[in-house]
Amino acid sequence: MSPPRRGRAAHSADAAPPCHHKGWLSVVSHSRRHGGTRKERRGGGGEGTLSLLPDDVLGAILASGFLTAVDVVRCAASCRRWRRVVGTRSAYISRGLPPLGGYLSGLAVGVFTAPIARARRRTPQFVPTAAGALLLGDRRISLVDGIQVDGELLEHARPVASRNGRLVLQLRPTGGDLALCVCNPMTGELTMLPPLSGDDKTRRGWCAYGCALLTGDDFDTPRPPYTSFRLLLLYNHGASTTVLRCYSSSSGRWGKEVDITGVASISGEKMRQIGPAAVRRGGAAFWPLDDGALGVRLDVERPDAMDVHLLPYTSPHYWPEKRLLGVTAADNRLFFVSFGIWEGCLSGAVSYFDIDGDDIGTGRENSDRDGEVLYPMFDIKMRRRHDQSTLKLRWFCEKSGLVLFTLGEGSGYPGTFALDVRSPAVEKAVNGYSVSWRDVHLESPAMVKVADGHSWSSFVGYEMDMATYLAALAA
């Protein structure tokens with residue numbers, strides 16, 4: 001299949017239609033084609049009355065909303081027929097499932113980073129997590145393997161955002177325009193967005209911007225189609241105007257710029273340091289700023305309608321590389337996490353925002369913090385006693401509950417790490433910074449080393465969506 005076009009003329013508002021390939025799921029299917037136990041091969045299709053029901057009826061039962069994602073996974077593991085029903089109807093079933101009642105670590109596939117300058121192929125680099133390596137096999141896999149387009153399209157592309165299986169890439173600029181695409185490496189879907197041009201003042205903003213990706217599952221009634229998405233950009237128009245602009249896959253067009261300078265005026269330096277956005281069910285995205293979280297709620301029926309507020313912190317936080325926003329999988333609660341190094345020990349603090357329903361204008365950080373949590377995995381030898389530059393918080397995987405961070409050479413433990421926030425191997429400091437030390441190693445379930453590299457640019461964590469996860473189980 002020929003590669004998709006970059007789009008029409010720069011002034012065109014029409015987007016190219018999505019292209020579909022098999023993606024990384026084809027790799028999973030090929031590696032497991034001859035898998036399965038003898039018991040599964042012999043097993044026909046379940047026992048008792050359920051074996052008399054047609055596949056469509058079984059699929060409707062699984063999608064009824066009475067079963068959780070964990071229940072469906074167990075059904076898929078029971079026999080070949082159930083697995084086939086789940087796999088062939090994964091998108092339909094996933095739409096009927098209630099929100100995750102907790103984190104599901106198997107959804108975390110890996111990390112995308114900008115191309116390495118010395119690499120032969122300068123396309124985005126993919127580093128799998130342990131779950132991702134188990135799913136995709138031991139072979140080295142690339143983004144080109146996933147979306148199966150001409151590698152030239154992805155030359156010098158960099159990842160800027162990711163959510164629910166989709167990855168946003170900024171393509172090599174042409175004539176000062178901003179060229180973006182949204183793809184799903186697991187399924188091979190690719191959508192080219194119409195380029196953003198604008199005047200000279202706007203083009204300077206393409207050097208630094210915030211990007212939030214919202215999918216159909218992030219909105220309430222009326223619920224958009226499963227394949228739909230919104231892409232929200234935060235950037236500066238000139239030196240003193242901060243704006244938002246939203247793309248809707250349903251219309252294939254960019255909306256108008258919305259001036260939010262009255263709510264939050266972000267300098268060029270701060271915009272270059274903008275962290276990843278957190279997305280809350282109900283169609284709201286949040287970026288961490290120094291004095292609060294910038295919240296934007298989109299209207300499902302009116303793409304240009306935005307409700308914008310600054311949710312204040314209890315106290316300012318001026319260290320962009322030490323903070324992240326996230327949303328709990330169980331109760332859709334926005335939280336703020338910050339990390340630091342204290343006496344050679346990695347420490348973290350979590351606080352939550354109180355928001356009245358979907359009205360983000362009522363949101364503010366709760367003054368009752370969970371307290372400091374110390375992770376005695378590292379005996380960090382800093383070059384200077386209070387040197388915090390070696391630690392960088394990179395990404396929070398909202399569905400799997402992993403905090404991704406890097407430690408530099410000055411720490412003595414350089415690399416990229418994933419911290420499981422659910423692990424009982426972390427310890428809470430009850431009295432100040434005191435901690436009950438015990439023998440906890442890097443191989444502990446609490447902390448896993450993902451890669452040796454640490455000086456990544458354009459670092460983006462990648463998780464599968466639930467439909468792809470169910471299809472992968474059935475592959």
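Buried means under 20% relative accessible area, exposed over 50%, and partly exposed in between, with a 1.4 Å probe and protein chains only.

Residues are numbered from 1 along each chain as its sequence is written, and side-chain values use heavy atoms, with hydrogens and water left out.

**Confidence**

The pLDDT is the predictor's confidence in each residue, from 0 to 100. Its mean for the protein is 79, and 77% of the residues reach 70 or more. Strands here are DSSP runs of E with at least two residues, helices are runs of H or I with at least four, and both are numbered from the N terminus. Confidence is highest in strand β13 (residues 284-288), at a mean of 97, and lowest in strand β24 (residues 427-428), at 40. Residues 1-17 have pLDDT below 50, and this stretch has 32 contacts in the model beyond near neighbours in sequence; a contact means heavy atoms within 4.5 Å. Residues 424-444 are also below 50, with 41 such contacts. Where pLDDT is low, the predicted coordinates should not be read in detail.

**Nonpolar cores**

A nonpolar core is a set of buried Ala, Val, Leu, Ile, Met, Phe, Trp, Tyr and Cys residues joined through side-chain atoms within 4.5 Å. The largest one has 78 residues, and Trp24, Leu171, Phe339, Phe405 and Met466 have the most contacts inside it. Apart from this core lies another, of 23 residues, including Leu232, Ile274, Val279 and Met306. Setting aside neighbours within four places in sequence, Met466 touches Ala69, Ser94, Leu97, Leu100, Leu104 and Leu107.

Two strands pair if DSSP finds at least two bridges between them. An open, antiparallel sheet is built from four strands in the order β3-β4-β5-β6. Its edges are β3 (158-163) and β6 (189-192), each with a single partner strand, so one side of each is left without a neighbour in the sheet. On average, neighbouring strands are turned by 20° against each other, direction ignored. Strand β5 (residues 180-184) is joined to β6 by four bridges, and Asn184 has Glu189 in β6 as its bridge partner.

**Salt bridges**

A salt bridge is a side-chain nitrogen of Lys or Arg within 4 Å of a carboxyl oxygen of Asp or Glu. By this rule there are 13.

| Asp55 | Arg84 | 2.9 Å |

Asp55 is buried at 19% relative accessible area, whereas Arg84 is partly exposed at 40%.

Asp290 and Arg323 are both buried. Asp290 sits in the loop between β13 and β14 (292-298) and Arg323 in strand β16 (residues 323-327), 33 residues apart.

Asp358, in the loop between β18 (345-356) and β19 (359-365), pairs with Arg297 in strand β14, so parts 61 residues apart in sequence are tied together. Asp358 is partly exposed, at 33%.

Finally, Arg163, Asp218, Glu398 and Lys399 are linked in a network of salt bridges.

Methods:
This is a predicted model: local features need pLDDT of at least 70, side-chain atom pairs count only at pLDDT 80 or more; totals for chains, interfaces and linings use all residues. Axes are lines fitted to C-alpha atoms, for helices over the stretch in contact, and angles run from 0 to 180 degrees between N-to-C directions.
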